[in-house]
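Please examine the structure shown here.

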Amino acid sequence: MTTTGGTAEGTAAVVLVGGQGSRLRPLTASTPKPMLPTAGVPFIGHLLSRIAAAGIRRVVLGTSYRAEVFAEYLGDGSAFGLDIECVPEPEPLGTGGGIRHAAAALDRSHDEVMVFNGDILSGVDLGAVLAEHRTAGADATLHLVRVPDPTAFGCVPTDATGRVEAFLEKTLNPPTDQVNAGCYVFRREVVDSIPEGRPVSVERETFPGLLRAGRRLQGHVESSYWLDLGTPAAFVRGCADLVQGIAPTSALPGPVGTALLLTGAKTAATASVSDGTTLGHDVVVGDGSRIIGSVVMDGARIGDNVVVTRSVIGPRAVIGHETVVSDAVVGDDVTVGAGCELRDGVRLWPGLTIPDGGLRFSGSA
């Protein structure tokens with residue numbers, strides 16, 4: 001990961017990872033979204049690799065849901081070349097409240113705070129964001145990304161100098177294709193001005209309040225890779241893009257290519273894995289099976305002549321012979337019998353057993 005335009009000296013990072021990831025259930029039933037195995041490592045590992053590459057060393061994680069999982073994995077951050085501290089929220093505090101609560105763990109040497117949403121996969125040049133923030137003399141700078149369909153997002157128009165003009169809710173006729181990409185830089189005094197001890201939305205309260213006060217909000221607008229991993233389809237796509245080198249990371253535990261096979265993963269000679277598939281540790285794929293653009297987590301077993309496409313197969317799940325899994329999520333320890341079809345958004349919760357032929361979307365052959 002390269003950066004341009006400035007040093008990160010005096011800059012610390014706050015990463016917001018407190019959400020429950022409800023749109024990704026059942027994958028997040030026991031694992032926080034940023035800790036889901038994503039191209040071979042927890043997603044937070046990819047984000048931290050980018051933060052470290054930008055020259056930032058001090059990182060505070062604002063945790064809530066399953067906070068202990070982050071602390072156990074990250075430790076003090078030395079394994080990542082970082083100084084990491086996890087700060088649990090006493091109650092859900094929203095984006096602004098979460099930033100304020102986490103930033104209390106920073107010392108006064110950090111006069112800039114770079115904030116990240118913990119579920120965004122992005123290729124933005126972090127050094128360039130910092131450089132624009134400083135050049136503009138901004139109180140806060142937002143990473144804004146151009147998207148083909150801005151109707152699905154609130155949009156953020158800027159003037160010719162990049163100054164933010166407004167924050168607009170979703171509309172069928174947005175005046176710009178620029179949307180909030182979930183990465184910000186704040187002057188430290190702006191963070192310190194966010195109210196303590198109550199929920200605060202940075203999008204609905206903090207930023208509009210700064211605009212009303214005439215403060216300088218800058219938009220860093222660009223069109224690099226950007227993906228919100230909040231849904232199963234997006235999660236699968238993000239994993240595949242990391243494996244294939246479309247999305248940037250220095251945390252991939254193997255070479256970029258058409259598939260990533262972790263230690264102990266085994267495929268039959270007549271099986272194929274493609275389109276950015278990840279096979280976790282000790283996964284077994286049987287004869288004639290095809291795994292296409294999917295995530296198969298540790299210890300799963302895939303039978304013979306199975307087709308898995310754009311799907312997630314959870315840890316220790318078993319997929320029976322001649323079964324088709326397409327755009328579906330199979331939870332931890334699920335057993336799917338032979339001759340089943342799982343299609344079009346089906347989600348199986350952990351521990352379920354589906355008998356042979358017990359779930360089909362078409363008539364029997």
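**Helix 7**

Helix 7 (residues 232-243) comprises twelve residues and spans 17 Å from its first C-alpha to its last, close to the 16 Å expected at 1.5 Å a residue; the expected span is 1.5 Å times one less than the number of residues. Helices (H or I, at least four residues) and strands (E, at least two) are DSSP runs numbered from the N terminus. This is a predicted model, in which local features need pLDDT of at least 70 and side-chain atom pairs count only at pLDDT 80 or more, while totals for chains, interfaces and linings use all residues. Residues are numbered from 1 along each chain as its sequence is written, and side-chain values use heavy atoms, with hydrogens and water left out.

- Helix 7 is mostly covered, with ten of its twelve residues buried (buried means under 20% relative accessible area, exposed over 50% and partly exposed in between, with a 1.4 Å probe and protein chains only).
- The buried residues of helix 7 include P232, F235, V236, D241 and L242.
- Just after helix 7, G245 adopts a positive phi of about 80°.
- F153 is located in the loop between strand 8 (140-146) and strand 9.
- F153 counts as partly exposed because its relative accessibility is 27%.
- From C-alpha to C-alpha, F153 and V318 are 38 Å apart in space, and they are 165 residues apart in sequence.

**Strand pairing**

- Strand 4 (residues 58-63) and strand 5 (residues 83-88) run parallel and are joined by six bridges; two strands pair if DSSP finds at least two bridges between them.
- Within this pairing, V60 stands opposite E85 in strand 5.
- Strand 4, helix 2 (residues 67-74) and strand 5 form a right-handed β-α-β unit (right-handed if, with the strands pointing away from the viewer, the path from the first strand over the helix to the second runs clockwise).
- Six strands make an open sheet with parallel pairing, in the order 13-16-19-22-25-28.
- At the edges of this sheet are strand 13 (266-267) and strand 28 (353-354), each of which pairs on one side only.
- Strand 13 runs parallel to strand 16 (residues 284-285), to which two bridges join it, and K266 stands opposite V284 in strand 16.

**Largest pocket**

- The largest pocket has a volume of about 1,400 Å³.
- On a 1 Å grid over the protein atoms alone, a pocket is an open set with protein on both sides within 12 Å along at least five of seven lines, whereas a cavity is a set of points where a 1.4 Å probe fits but cannot get out; lining residues have an atom within 4 Å of a point.
- Grid points are joined across faces, edges and corners, and a volume is the space filled by probe spheres set on the points.
- Of the 42 residues lining the largest pocket, T95, N117, D119, E203 and D228 are the closest to its centre.
- Strand 9 supplies the largest share of the lining of the largest pocket, five residues.
- The lining of the largest pocket divides into 17 nonpolar, 16 polar and nine charged residues (Ala, Val, Leu, Ile, Met, Phe, Trp, Tyr, Cys and Pro count as nonpolar, Asp, Glu, Lys and Arg as charged, and the others, Gly among them, as polar).

**Cavities**

- Residues lining the largest cavity include R50, N117, H143 and W226.
- Strand 9 gives the most to the lining of the largest cavity, with three residues.
- By class, seven nonpolar, four polar and one charged residues line the largest cavity.
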